[in-house]
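Visitor: I would like to learn how to read a protein model, one feature at a time. Could you take me through this one slowly?

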Amino acid sequence: MLELIKISKTFNPGTVNEKRALNKVSLHLDPGDFVTIIGSNGAGKSTLFNAICGSFYIDSGSILLGKRNITAMPDYKRAYDIGRLMQDPMKGTAPSMTIEENLALAYTRKASRSLFALNKTDSEYFRELLASLDLGLEDRMKTKVGNLSGGQRQAVTLLMCTIAEPKLLLLDEHTAALDPATQQKILKITMDIVSEARITTMMITHDIKTALLLGNRTIMMDEGEIILDIKGEERKGMTVEELLTYYSKERKKQLLDDRILLA
Ligand SMILES: Nc1ncnc2c1ncn2[C@@H]1O[C@H](COP(=O)(O)OP(=O)(O)OP(=O)(O)O)[C@@H](O)[C@H]1O
Ligand SMILES: [Mg+2]
């Protein structure tokens with residue numbers, strides 16, 4: 001499904017700010033995998049997503065998506081196959097457009113259809129999708145997205161990212177900016193959408209408990225490397241404390257994470 005072969009990226013090479021953000025990272029995902037990703041601040045988690053999306057080209061290594069080598073493919077072409085959600089609920093949707101218009105935009109991109117060719121059936125489909133969120137948004141299709149709360153907006157962004165049934169969905173702490181109750185709601189919506197469509201998903205989170213609970217596999221990153229990759233029974237039996245202990249033994253330091261410390 002997704003195959004990363006020894007991918008590396010160094011920022012500002014040859015300067016005092018040189019930073020090896022990804023160091024020969026290899027990873028193989030099976031179709032339908034749901035991988036949670038944890039690690040210290042600056043571990044390279046977002047950089048890994050940037051590399052997969054093509055925000056920059058990697059220095060060495062290869063990226064294959066569904067057997068296709070996308071290493072040299074520009075980001076806008078990869079975007080057809082890769083959906084991505086960021087932490088900031090203000091990104092990902094167009095605030096001055098209505099909920100329906102935002103969904104229509106994402107939908108027509110998938111079907112390569114004109115926005116003007118959308119019909120009543122499509123509109124009903126959007127209503128159905130919105131109703132599945134259980135946030136009452138199906139009755140507010142003409143509301144401008146800018147008037148929604150952060151959680152509501154993030155839910156709409158999730159729909160936009162998945163309406164095109166991407167091969168891969170990348171979630172970069174997409175609930176971190178929301179209040180705890182809304183976080184839980186968006187996580188549930190995420191799991192519902194992803195399992196329904198069986199979308200291969202990677203989710204960065206600072207909540208280790210959630211990381212161990214959701215999905216079928218957890219990887220831990222540190223200093224641009226994957227230092228732990230667990231699934232199955234090993235993962236089932238793992239506790240938050242054991243993970244933190246593993247980290248400090250392996251790396252001879254504490255897992256430093258502002259959000260973990262705050263929690
Ligand atoms: N465009 C860039 N230019 C220069 N350095 C960068 C760039 N992007 C990331 N870095 C550096 O690469 C390292 C990894 O950053 P990254 O954003 O991937 O960390 P992260 O694991 O997502 O951390 P966090 O949990 O804080 O979000 C950091 O040292 C960061 O400063
Ligand atoms: Mg990050």
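**Charges, fold and cysteines**

Guide: The protein has 35 positive and 34 negative side chains, and the centres of the two sets lie 4 Å apart. Here Lys and Arg count as positive and Asp and Glu as negative, while His and the chain ends are not counted; each charge is placed at NZ of Lys, CZ of Arg, CG of Asp or CD of Glu. This is a predicted model, in which local features need pLDDT of at least 70 and side-chain atom pairs count only at pLDDT 80 or more, whereas totals for chains, interfaces and linings use all residues. Residues are numbered from 1 along each chain as its sequence is written, chains are lettered from A and ligands numbered from 1 in the order in which they are written, and side-chain values use heavy atoms, with hydrogens and water left out.

Visitor: How many helices and strands are there in the protein?

Guide: Helices (H or I, at least four residues) and strands (E, at least two) are DSSP runs, numbered from the N terminus, and the protein has 10 helices and 10 strands. Its radius of gyration, taken over C-alpha atoms, is judged against a globule rule of 2.2 Å times the number of residues to the power 0.38. The protein is as compact as a globular protein of its length, because its value of 19 Å is close to the 18 Å that the rule gives for 263 residues.

Visitor: How many disulfides does the count come to, and why?

Guide: A disulfide is a pair of cysteine sulfur atoms within 2.5 Å, and by this rule the count is zero. The sulfur of cysteine 53 has its closest cysteine sulfur in cysteine 161, 9.8 Å away, so the two are too far apart for a bond. Buried means under 20% relative accessible area, exposed over 50%, and partly exposed in between, with a 1.4 Å probe and protein chains only. Cysteine 53 counts as buried at 13% relative accessibility, and cysteine 161 counts as buried at 13%.
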